[in-house]
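Here are some notes to read beside the structure. Take the points in order and find each residue as it comes up.

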There are 2 protein chains.
Amino acid sequence: MKRSERLVGMTHFFLENPKQLFSLPFFVEQYDAAKSSISEDMDIIDGMFKNIGIGELVTVAGAAGGVQYIPSLSKNQADHFMTDLIEHLEDPSRILPGGYVYMSDILGEPKYIREIGKIFASAFQSVNADYVVTVATKGIPLAYAVAQVLDIPVVIIRRDPKVTEGSTVSINYVSGSSRKIQTMVLAKRSIKEGSNVIIVDDFMKAGGTIHGMISLMHEFNANVQGIGVLAEAEDEEEDRKVEQYTSLLKFIEVNEDKHAIRVKRGNYF
Amino acid sequence: MKRSERLVGMTHFFLENPKQLFSLPFFVEQYDAAKSSISEDMDIIDGMFKNIGIGELVTVAGAAGGVQYIPSLSKNQADHFMTDLIEHLEDPSRILPGGYVYMSDILGEPKYIREIGKIFASAFQSVNADYVVTVATKGIPLAYAVAQVLDIPVVIIRRDPKVTEGSTVSINYVSGSSRKIQTMVLAKRSIKEGSNVIIVDDFMKAGGTIHGMISLMHEFNANVQGIGVLAEAEDEEEDRKVEQYTSLLKFIEVNEDKHAIRVKRGNYF
């Protein structure tokens, strides 16, 4: 096989298998090429990945070593994307009765979701997480996008028990904004004891739901290593039940009467 | 830029932008290379994509023409994946009280989800769909995986109305297996009138839920062009409310007493 073909094949392979370690002999066998050729291929791929800002190939030395693709979205690319997203969000027709904002179309766009996933994955790159945890419904696509890049599974907390989950652990919590008692349910076998988790959700107002997820994680003796929310509401800092979190967006004004909506970058930027 | 670097960049670009048409001059400008060089690059990428069974680059002639990456998973690769998935599923510890099967771990694995998404996307490649429609909760990751390959948005039907959805359309339907009356809700602005949709869900027993989704799509004057379910239950054909569908898996035996579970390939294979 020619170098040109190998480069196409290897680029695809690394993109499909982020964060996994592969030995040099694996590629030597796969492509029937000399070790030195494969090494050169990797240098080219690494250089180009850095050039277009999608991460890098990292070499791990030693007998159990090899090469792995560590994806990351450059701050520059992330910033470019956020400008586009904010413009899209600041459309007054998104304002719903009660000052809520319609975001389901954005959460339904795989393109947006993937980019958001990459940004969160870059933010949580240094965390050694075993699972991405979210709660039904809107956080699910975000959680998968993050999990795909970090190469770990997703765990979905439900609002109601379901027969296809087996035995479950449930907690009650107080929703921060509505002050109502709500329930969260998670299958017992979904998380191993002592795991490290990242919590991801689409929106945080007073933080009651996130706080509930943290409590549920305690029931599993899981360690919450990071919390990511796509958007946080304006001026809720005082009553907020969650202090440490990463947000990509912050609503600073949602005014039904004036038909105005203003969004800025969240605390990640 | 050297050909080798260009090949890495273009491979990444096509993989990230499936089904979108790009003109030759776009790449000529992007990579500052001659038209003939870009053409040769594309031949190399197309050849290698076919070789590793992930689809092909298709050239569209004419003034509005260009090149697009049409992803598809070869039957051979799909078959290989199904063998692995079935082995994973036939673990008796998955059997839950009532003869249900625990599948949440599989639905939480981005690796599995992506492959399943590619198989469905290949199955619905010829359908010109505008949306992938699913119902909360377990179908959501599958729907995104399909939508990502087909480059169309996902629309999520909910079980309960939510204030962040704006005005909604709701229907009642009879769940096939439990015979209970249930509700489905969808935001009015989520689907344009006259759209073509593909319905995706994780599991079908009597088909009541899928049937409900079809009814709800009628309310939006949307045309259901395809129905995909990951797994269908054993021996429900007689009472089934849905006749045309694509399944990847079929449970043929789930026996709580004997502690036995048998799965075979669905009607797609």
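1. **A term to start with.** A residue is called buried under 20% relative accessible area and exposed over 50%, with partly exposed in between. A:Glu40 has a relative accessible area of 42%, so it is partly exposed. Keep in mind that this is a predicted model.

2. **The partner of A:Glu40.** A:Glu40 forms a salt bridge with A:Arg3. Their closest N and O atoms are 3.2 Å apart. A:Glu40 sits in helix H3 (residues 35–52) of chain A, and A:Arg3 sits in helix H1 (residues 3–16) of chain A, so the bridge ties together parts that are 37 residues apart in sequence. A:Arg3 is partly exposed as well, at 28% relative accessibility. As a general point, side chains of opposite charge can pair when their charged atoms come close.

3. **A second bridge in chain A.** The side chains of A:Lys50 and A:Glu56 also meet in a salt bridge. Here the N to O distance is 3.9 Å. The cut-off is 4 Å, so this pair counts. A:Lys50 is partly exposed, with a relative accessible area of 47%. A:Glu56 is partly exposed too, at 32%.

4. **A bridge between chains.** Which residue of chain B forms a salt bridge with A:Lys138? It is B:Glu165, with the closest N and O atoms 3.3 Å apart. The pair crosses between chains. A:Lys138 is in the loop between strand E5 (131–135) and helix H7 (139–150) of chain A. B:Glu165 is in the loop between E6 and strand E7 (168–174) of chain B. Are these two residues buried or exposed? A:Lys138 counts as buried, at 12% relative accessibility. B:Glu165 is buried, with a relative accessible area of 8%.

5. **A network.** Some salt bridges share partners. In this way A:Arg3, A:Arg6, A:Glu40 and A:Asp41 are joined into one network. Over all chains, the count comes to 28 salt bridges.

6. **The interface.** Now look at where the chains meet. In chain B, 58 residues are in contact with 58 residues of chain A. The two chains bury about 4,800 Å² between them. Of that area, 61% is on carbon and sulfur atoms. Six salt bridges are found across the interface of chain B and chain A. There are also 18 residue pairs in polar contact across the interface, both residues at pLDDT 80 or more.

7. **What chain B supplies.** Several elements of chain B each give at least two residues to the side that touches chain A, including H1, helix H3 (35–52) and helix H6 (110–123). H1(B) gives the most, with nine residues. By class, this side of chain B has 30 nonpolar, 15 polar and 13 charged residues.

8. **Helix H1 of chain B.** This helix covers residues 3–16, which makes 14 residues. From its first C-alpha to its last it reaches 20 Å. That is close to the 20 Å expected at 1.5 Å a residue. In H1(B), 12 of the 14 residues are buried, so the helix is largely enclosed by the rest of the structure. Among the buried residues are B:Leu7, B:Val8, B:Met10, B:Phe13 and B:Phe14. B:Arg6, B:His12 and B:Glu16 are buried too.

9. **A buried arginine.** A:Arg158 lies in the loop between strand E6 (154–157) and strand E7 (168–174) of chain A. It is buried, with a relative accessible area of 8%. What does its side chain reach at 3.3 Å? It reaches the backbone oxygen of A:Asp160. Leaving aside neighbours within four places in sequence, A:Arg158 is in contact with A:Glu165, A:Thr183, A:Met184 and A:Val185 in chain A, and with B:Thr137 and B:Lys138 in chain B.

10. **A threonine in chain B.** Finish at B:Thr83, in helix H4 (residues 75–89) of chain B. B:Thr83 counts as partly exposed, at 42% relative accessibility. Its side chain makes a polar contact with the side chain of B:Arg265, at 2.8 Å. B:Val135 is 52 residues from B:Thr83 in sequence. In space the two are 27 Å apart, C-alpha to C-alpha.

Definitions and conventions
Residues numbered from 1 in each chain as written. Chains lettered and ligands numbered in written order. Predicted model: local features only at pLDDT ≥ 70, side-chain atom pairs only at ≥ 80, totals over all residues. Heavy atoms only, no water. Helix = DSSP H or I, 4+ residues; strand = E, 2+ residues; numbered from the N terminus. Expected span 1.5 Å × (residues − 1). Buried < 20%, exposed > 50% of the residue type's maximum accessible area, 1.4 Å probe, protein only. Contact = heavy atoms within 4.5 Å. Buried area = accessible area lost by both parts, 1.4 Å probe. Polar contact = N/O pair within 3.5 Å; in protein donor to acceptor, adjacent residues only side chain to side chain. Nonpolar A, V, L, I, M, F, W, Y, C, P; charged D, E, K, R; others polar.
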